[in-house]
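Here is a short report on sheets and cores. Please keep the sequence and the model side by side while reading.

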Amino acid sequence: MSAYESIKNILKKAPFLYKCLCFCKDAFLAVKNGICLFFRKIWHGLKYIFSRSYRLEQQFLSVYTERRFAPDLTIEEKKKQLRYIFYKSLGCLPDFENPETINEKLYWLILHYHSSLLVRCADKVDARNVMREWLGEEYMITAIGAYDSVDAIPWDELPEKFVLKVNWGSGQNIICKNKAELDIEEAKAKLKNWMKQENCLYYHHFEPQYEGIKPMILCEKYIEQMDGLLYDYKIHCFHGEPKFVQLNDRWGTHSGCIYDMDWHKTDLHTAFTLDERDYEKPECLDDMLRVAKIIAKNFPYCRVDLYQIDHKVYF
């Protein structure tokens, strides 16, 4: 019998001592692991502090927390914020002076392209006036009302199904499929929060089309396809010409995929989850592209969002 086994047998005959030694062993291992974890976190923290990400984050925070609402905000300050957002999203730094990729060029437009017409088209309330003039009433989703504040909404008069949108943002929507199940107080709280200055998209990415929009709430008729879904066709146009269509499942998973003008699925993707499904070419695609050209001819780049409901195109 080995010395180790002999000691082990002796300890088993003294269970209290054996348990104490086992406890000490477990305590030692726990302390050892804790110390290792502590120093590992310190090491990763030091690596981050001296990393590019940390420097960019500090530049971003210096603008985002202190200066983003300043009326005299400079382009250089905007670049600090946009450079960090670009790096966190794509893992590389943008070239704002000599842009080559689509993403770089879009950021260049954010910094240098300003147009009052662009603002009108980004305002979900005023855009209806512009599109009615350019396209005609038949392309407009039925509007129920537009309100300056949450308190102005006549909740009792709204139909059973409707959509409420804040006019200066993205994703700031209340989708009501059954008014009896809608928590109106919760909806009011969301809308009031979205109408605060800090929730205007301009103060997140400095997209000039959102600057100066007066916050309002638009109420529109709820729309869906016959299968209960709603596909959102986002047509990306450059110098007035549609180049690709981004399809998103609006009421479902909100995943998406991108097709070229001949409806061949591409390997392009956006921040949305890439949808592996193949979608049929919409029967109204030609009309969608015609509408997109009418709108896009006014801008160096724009994305035109359209829907196809009951064999008709809607803006």
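Two strands pair if DSSP finds at least two bridges between them. Strands (E, at least two residues) and helices (H or I, at least four) are DSSP runs, numbered from the N terminus. This is a predicted model, in which local features need pLDDT of at least 70 and side-chain atom pairs count only at pLDDT 80 or more, while totals for chains, interfaces and linings use all residues. Residues are numbered from 1 along each chain as its sequence is written, and side-chain values use heavy atoms, with hydrogens and water left out.

**The four-strand sheet**

E1 and E4 pair in the antiparallel sense over four bridges. Gly-145 stands opposite Cys-219 in E4. The open sheet of four strands runs in the order E1-E4-E2-E3, with antiparallel pairing. Strand E1 (143–147) and E3 are the edges; each has a single partner strand, so one side of each lacks a neighbour in the sheet. From one strand to the next, the twist averages 10 degrees. H8 packs on this sheet and touches E2, E3 and E4. Contact means heavy atoms within 4.5 Å. The direction of H8 makes about 155 degrees with that of E3. Axes are lines fitted to C-alpha atoms, for helices over the stretch in contact, and angles run from 0 to 180 degrees between N-to-C directions.

**The five-strand sheet**

Another open sheet has five strands in the order E7-E6-E5-E8-E9, with antiparallel pairing. Strand E7 (256–259) and strand E9 (312–314) are its edges, each pairing on one side only. Here the twist averages 30 degrees from one strand to the next. Strand E8 (residues 301–309) pairs with E9 over three bridges, antiparallel. Gln-308 stands opposite Val-313 in E9. Helix H10 (residues 285–296) packs on this sheet, touching E5, E6, E8 and E9.

| H8 | E3 | about 155 degrees |

**The cores**

A nonpolar core is a set of buried Ala, Val, Leu, Ile, Met, Phe, Trp, Tyr and Cys residues joined through side-chain atoms within 4.5 Å. Buried means under 20% relative accessible area (1.4 Å probe, protein chains only). The largest core has 34 residues. Ile-153, Trp-155, Phe-162, Leu-164, Leu-191 and Ile-217 have the most contacts inside it. Elements giving two or more residues to this core include helix H8 (184–194), strand E2 (162–166) and strand E4 (217–221). Beyond four places in sequence, Leu-191 contacts Val-150, Ile-153, Trp-155, Leu-164, Val-166, Ile-174 and Ile-217. Apart from this core lies another, of 30 residues, including Trp-263, Ala-292, Phe-299 and Cys-302.

Notes
Buried means under 20% relative accessible area, exposed over 50%, partly exposed in between (1.4 Å probe, protein chains only).
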